[in-house]
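Here is a friendly briefing to read alongside the model.

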Amino acid sequence: MEENKKFSVGEFLRNNMAWVLLIVCSAIFAVISPNFFSMVNIINILNQNAYIIITALGISFIMMAGEVDISVGYAISLNGVVVAVLMTKMGVHPVLGVVISIVLGIVICLVNMLIAYKLNLQLFMATVGTTTIFQGLAFVMTQSKTISDLPPAFKVIGQGYLGAIPIPVLIAFILFIIVSFILNKTYIGRYVFAIGGNVEAARLAGINVFGMKLFIASIAGFMTGVGAIILSARLGSVTANMGTGLEFTIITAVLLGGVSVRGGEGKISGVVAGVLILAILSNGMQLARLDVYYQFVAKGIIMLAAIGFDVFQLNRRKKATVKVQAVDKKE
């Protein structure tokens with residue numbers, strides 16, 4: 001018979017750090033501001049950050065596979081600009097605009113992955129270059145002007161409600177369920193973790209690593225396209241820099257959620273918690289009437305803390321492995 005594992009507070013905290021931090025942050029701001037836990041404010045937080053949750057779900061796949069994409073913010077800008085131009089200047093129907101946005105999101109992420117593969121680079125290095133390209137294209141298409149007058153049927157995606165639930169929140173919830181199922185209940189999820197854990201071992205095990213990375217990029221691109229739709233529709237207008245800086249918020253949220261910067265591990269539920277931590281931090285500081293620049297400082301500290309915790313976990317596992325190997329040699 002197997003011995004029952006004893007409950008370990010330390011292990012529980014390591015496995016659920018994002019949710020613990022979320023609860024702690026919520027409790028602190030609830031004390032600072034009595035309005036923090038009002039239903040209106042909670043729905044507002046979820047509604048404002050639904051597009052970040054959706055995009056982070058896609059980027060988490062890439063990071064679980066051991067890659068990092070820093071072009072996502074600029075990809076959202078370019079995506080929104082292209083669709084806005086098509087709808088306002090060329091009369092494209094909003095439904096077709098949604099389809100084009102999703103397809104364009106997939107194409108952008110596939111291009112990033114193909115460039116990395118052809119040049120034998122890490123995705124991070126490839127996206128350093130494509131980031132500038134996406135930004136330049138967005139400014140060329142808008143001529144540095146705001147594109148407004150988006151169709152009402154399009155804006156309802158980001159501004160509408162289904163009963164008391166904002167449509168962006170409902171979309172984020174549905175995609176969260178789908179992504180969780182893919183990652184936890186299908187062979188795709190196992191392959192993602194295998195590739196992120198050890199690429200060579202995954203290749204020797206018969207996994208088509210490049211093919212899987214393209215599929216992972218497609219998932220991330222789909223989520224980026226949906227995120228761009230919701231952001232554009234919620235704002236009701238589009239600018240060439242509307243996604244600038246989102247990449248760091250998204251990557252920080254994914255790291256906070258427990259996804260290792262080296263890949264091979266992570267939870268989708270943790271990623272959602274990571275996004276909400278940053279959202280609550282921003283919302284709570286606004287309610288406390290703290291300057292917006294303090295939010296930048298706080299987010300930077302949190303990102304460094306998330307990376308530091310990831311490194312601590314890695315070193316801890318290495319030491320544990322060394323001890324086990326030493327015991328095995330003695331025996």
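## Briefing on the predicted model

Val 254 is found in helix α12 (residues 246–256). Helices here are DSSP runs of H or I with at least four residues, strands are E runs of at least two, and both are numbered from the N terminus. This is a predicted model, in which local features need pLDDT of at least 70 and side-chain atom pairs count only at pLDDT 80 or more, while totals for chains, interfaces and linings use all residues. Residues are numbered from 1 along each chain as its sequence is written, and side-chain values use heavy atoms, with hydrogens and water left out.

**Contacts across the sequence**

- At 0% relative accessibility, Val 254 counts as buried; buried means under 20% relative accessible area, exposed means over 50%, and partly exposed is in between (1.4 Å probe, protein chains only).
- Val 254 and Phe 61 are 193 residues apart along the chain, and their C-alpha atoms are separated by 9.8 Å.
- Val 199, found in helix α10, is partly exposed with a relative accessible area of 28%.

**Helix α11 and its crossing with α5**

- Two packed helices are described by the angle between their axes and the distance between the axes.
- The axes of α5 (residues 94–118) and α11 (residues 209–235) come within 7 Å and cross at roughly 140 degrees; axes are lines fitted to C-alpha atoms, for helices over the stretch in contact, and angles run from 0 to 180 degrees between N-to-C directions.
- The crossing of α5 and α11 is right-handed, a term for a near helix turned clockwise from the far one by less than a right angle, with anticlockwise giving left-handed.
- In the contact of α5 with α11, the residues divide into 16 nonpolar, 6 polar and 1 charged. Ala, Val, Leu, Ile, Met, Phe, Trp, Tyr, Cys and Pro count as nonpolar, Asp, Glu, Lys and Arg as charged, and the others, Gly among them, as polar.
- How far apart are the end C-alpha atoms of α11? They are 38 Å apart, which agrees with the 39 Å that its 27 residues should span at 1.5 Å a residue; the expected span is 1.5 Å times one less than the number of residues.
- Helix α11 is mostly covered, with 19 of its 27 residues buried.

**Aromatic pairs**

- The count comes to 4 aromatic pairs. Rings of Phe, Tyr and Trp (its six-membered ring) pair if their centres lie within 6.5 Å, and planes under 30 degrees apart count as stacked, over 60 as edge-to-face and the rest as tilted.
- Phe 36 and Phe 37 form an edge-to-face pair, at 5.3 Å centre to centre and 70 degrees between the planes.
- Phe 36 is buried, with a relative accessible area of 2%.
- The pair of Tyr 117 and Phe 210 is stacked, because the ring centres are 3.9 Å apart and the planes lie at 25 degrees.
- Tyr 117 lies in helix α5 and Phe 210 in helix α11, so this pair ties together parts that are 93 residues apart in sequence.
- Tyr 117 is partly exposed at 47% relative accessible area, and Phe 210 is partly exposed at 25%.
- Phe 29, Phe 36 and Phe 37 form one aromatic cluster.

**Salt bridges**

- Side chains of opposite charge can pair when their charged atoms come close.
- The structure holds 2 salt bridges, each a side-chain nitrogen of Lys or Arg within 4 Å of a carboxyl oxygen of Asp or Glu.
- Glu 67 and Lys 213 meet through their side chains in a salt bridge (2.6 Å, N to O).
- Glu 67 lies in the loop between α3 (39–64) and α4 (72–89) and Lys 213 in helix α11, so the pair ties together parts that are 146 residues apart in sequence.
- Are Glu 67 and Lys 213 buried or exposed? Both Glu 67 and Lys 213 are buried.
- Arg 203 and Glu 200 meet in a salt bridge (2.7 Å, N to O), and both lie in helix α10 (residues 199–204), 3 residues apart, about one turn of the helix.
- Arg 203 counts as partly exposed at 42% relative accessibility, and Glu 200 is partly exposed with a relative accessible area of 48%.

**Positive phi in a loop**

- Most residues other than glycine have a negative phi.
- Gln 143 is not a glycine, yet has a positive phi of about 55 degrees; this residue is in the loop between α6 (123–142) and α7 (152–159) and is exposed at 58% relative accessible area.
- Ser 144, in the loop between α6 and α7, has a positive phi of about 65 degrees although it is not a glycine, and at 57% relative accessibility Ser 144 counts as exposed.
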